[in-house]
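This note sets out several points for a colleague who is meeting the structure for the first time. Please read each point with the sequence and the model at hand.

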Amino acid sequence: MTEEDLELYPILHKGRIYNIFTSIEMTFREVRAMIDWLHDRGAFPNDEAGAREPELLYSCPAEGSIFDVDVQGYEIIVYKKEPA
């Protein structure tokens, strides 16, 4: 997958705008479940704590699939989808 393959999908979820970059087809349920899962693990910047240190890829379970994603601020790059 190259940068040229990625498409941008902005989504408003629980009052915040996230930018999803992917070449993979995803349902709204998958995207929202992925964002919730990442939020529960502290993957996004916290207004009190400021910017986070970058981490390795997350393997995020959502709606019966596992997504390999990278989080940079409120941008989520989805690299791979496989069955759970």
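This is a predicted model: local features need pLDDT of at least 70, side-chain atom pairs count only at pLDDT 80 or more; totals for chains, interfaces and linings use all residues.

**Notes on the core, the pockets and the salt bridges**

1. The largest nonpolar core has 20 residues, and those that touch the most other members are Ile20, Met34, Ile35, Leu38, Val69, Ile76 and Val78. At least two residues of this core come from each of strand 2 (16-22), helix 1 (28-40), strand 3 (58-62), strand 4 (65-72) and strand 5 (75-83). Helix 1 contributes the most, with 5 residues. As general background, nonpolar side chains tend to be buried together in soluble globular proteins.

2. Valine 69 deserves a separate look. Leaving aside residues up to four places away in sequence, Val69 touches Met34, Leu38, Leu57, Tyr58, Ile76, Ile77, Val78 and Tyr79. Among these contacts, Met34, Leu38, Ile76 and Val78 are also listed with Val69 as core residues that touch the most other members.

3. The next matter is open space. How much space lies in the largest pocket? The volume is about 240 Å³. Its lining comprises 13 residues, of which Tyr9, Thr22, Ile24, Met26 and Val31 are the closest to the centre of the pocket. Strand 1 (7-13), strand 2 and helix 1 are the elements that provide two or more lining residues. Strand 1 provides the largest share of this lining, 4 residues. By class, the lining consists of 8 nonpolar, 3 polar and 2 charged residues.

4. The second largest pocket has about 170 Å³ of volume. Its lining is formed by His13, Lys14, Arg16, Tyr18, Ile35, Asp36, His39, Gly42, Phe44, Pro45, Asn46 and Tyr74. Strand 2 and helix 1 each give at least two residues to this lining, and helix 1 gives the most, with 3 residues. The lining divides into 5 nonpolar, 4 polar and 3 charged residues. Ile35, one of the lining residues here, is also among the core residues that touch the most other members.

5. The structure contains 5 salt bridges. One of them joins aspartate 36 and lysine 14, with the closest N and O atoms 3.3 Å apart. Because aspartate 36 is in helix 1 and lysine 14 is in the loop between strand 1 and strand 2, this pair ties together parts that are 22 residues apart in sequence. Aspartate 36 is partly exposed, at a relative accessible area of 25%, whereas lysine 14 is exposed, at 69%. Both Lys14 and Asp36 also belong to the lining of the second largest pocket.

6. Two further salt bridges involve lysine 80. In one, aspartate 68 is the partner, and the closest N and O atoms are 3.7 Å apart. Aspartate 68 is located in strand 4 and lysine 80 in strand 5, so the pair links parts that are 12 residues apart in sequence. Are the two partners buried or partly exposed? Aspartate 68 is buried, with a relative accessible area of 17%, while lysine 80 is partly exposed, with 39%.

7. In the other salt bridge of lysine 80, the partner is glutamate 82, and the closest N and O atoms are 3.4 Å apart. Glutamate 82 is partly exposed, with 36% relative accessibility. Through shared partners, the salt bridges join Asp68, Lys80 and Glu82 into one network.

Notes: Residues are numbered from 1 along each chain as its sequence is written. Side-chain values use heavy atoms; hydrogens and water are left out. A nonpolar core is a set of buried Ala, Val, Leu, Ile, Met, Phe, Trp, Tyr and Cys residues joined through side-chain atoms within 4.5 Å. Buried means under 20% relative accessible area, exposed over 50%, partly exposed in between (1.4 Å probe, protein chains only). Contact means heavy atoms within 4.5 Å. On a 1 Å grid over the protein atoms alone, a cavity is a set of points where a 1.4 Å probe fits but cannot get out, and a pocket is an open set with protein on both sides within 12 Å along at least five of seven lines; lining residues have an atom within 4 Å of a point. Grid points are joined across faces, edges and corners, and a volume is the space filled by probe spheres set on the points. Ala, Val, Leu, Ile, Met, Phe, Trp, Tyr, Cys and Pro count as nonpolar, Asp, Glu, Lys and Arg as charged, and the others, Gly among them, as polar. A salt bridge is a side-chain nitrogen of Lys or Arg within 4 Å of a carboxyl oxygen of Asp or Glu.
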